[in-house]
Amino acid sequence: MIERYIRDVPDFPKKGILFKDITPLLQSPEGFRETIDLLARVVEPKSYDLICGIESRGFIFGCALANRLNKGFVPIRKPGKLPWKTASESYELEYGKDSIEIHLDACKPGQKVLLIDDLLATGGTMEAATKLVRKIGGTPIACAFVVELTFLAGRKKLEGMPIHSLVKVG
Ligand code: AMP
């Protein structure tokens, strides 16, 4: 029952957004452990080689899961943060555009990648992340989220990719 650790914050970061705050979940040893236990079970760990997490809350869950399962971890970051050669992908936001980056040598050709973020909203961020992994020669095999806002239909953007979420908010 990890839902009880997720706090709703109305009008953050701007009016009309109901922000799903996962900090109470991280603060609870039981809640955080249960979340990682659940993420470890949604996709068979033998079916992937690496875990890729999206800045910044995707790092928290992705790193904990990678450490638990003895997998490597790859960060996908906001522009200008990664020090080595990068590939970049842009995506649409509600207003304007954003982009994310990955190191060119972050996966070996054909390595299978599980992508992790804290929350699926419109799916734009994760769609760009799966494209980035493909750009550098990796194979995204599934995406996993702690929370999914089902009313935003982010899954549609990720069609063809297995999507797993622990808490669905409709
Ligand atoms: P999207 O690209 O629309 O699927 O947005 C996903 C990204 O935005 C994730 O990295 C989330 O952390 C963040 N995000 C979007 N909406 C919310 C929300 N209501 N509460 C918390 N995080 C959100």
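**Group meeting: a walk through the model**

Okay, let's start with Ala-153, which counts as partly exposed at 36% relative accessibility. On the cut-offs: buried is under 20% relative accessible area, exposed is over 50%, and partly exposed is in between, with a 1.4 Å probe and protein chains only. Before I go on, this is a predicted model, where local features need pLDDT of at least 70 and side-chain atom pairs count only at pLDDT 80 or more, while totals for chains, interfaces and linings use all residues. Residues are numbered from 1 along each chain as its sequence is written, and side-chain values use heavy atoms, with hydrogens and water left out.

Back to Ala-153: this residue has a positive phi of about 55 degrees, although it is not a glycine. Ala-153 sits in the loop between β8 and α5 (154-157). Those element names are DSSP runs numbered from the N terminus: helices are H or I with at least four residues, strands are E with at least two. Asn-70 is another non-glycine with a positive phi, about 60 degrees, in the loop between α3 and β4. At 71% relative accessibility, Asn-70 counts as exposed.

One runs from Phe-12 to Pro-13, with omega near 0 degrees, and Pro-13 is in the loop between β1 (7-10) and β2. Another joins Glu-55 and Ser-56, omega about -10 degrees.

Now the ligand. How many residues surround it? There are 13, and the closest are Arg-57, Asp-118, Thr-122, Gly-123 and Thr-125; a residue counts here if one of its heavy atoms lies within 4 Å of the molecule.

What about the polar side? A side-chain N or O atom of Asp-117 is 2.8 Å from a ligand oxygen, and a backbone N or O atom of Ala-121 lies 2.9 Å from an oxygen of the ligand. In strand β2 (residues 18-21) we find Lys-20, with a backbone N or O atom 2.9 Å from a ligand nitrogen.

Last stop, Asp-49, in the loop between α2 (29-42) and β3 (50-54). Asp-49 and Gln-111 are 62 residues apart in sequence, yet 6.1 Å apart C-alpha to C-alpha. A polar side-chain atom of Asp-49 lies 2.6 Å from the backbone nitrogen of Lys-112. Okay, over to you.

Terms used: Polar contact = N/O pair within 3.5 Å; in protein donor to acceptor, adjacent residues only side chain to side chain.
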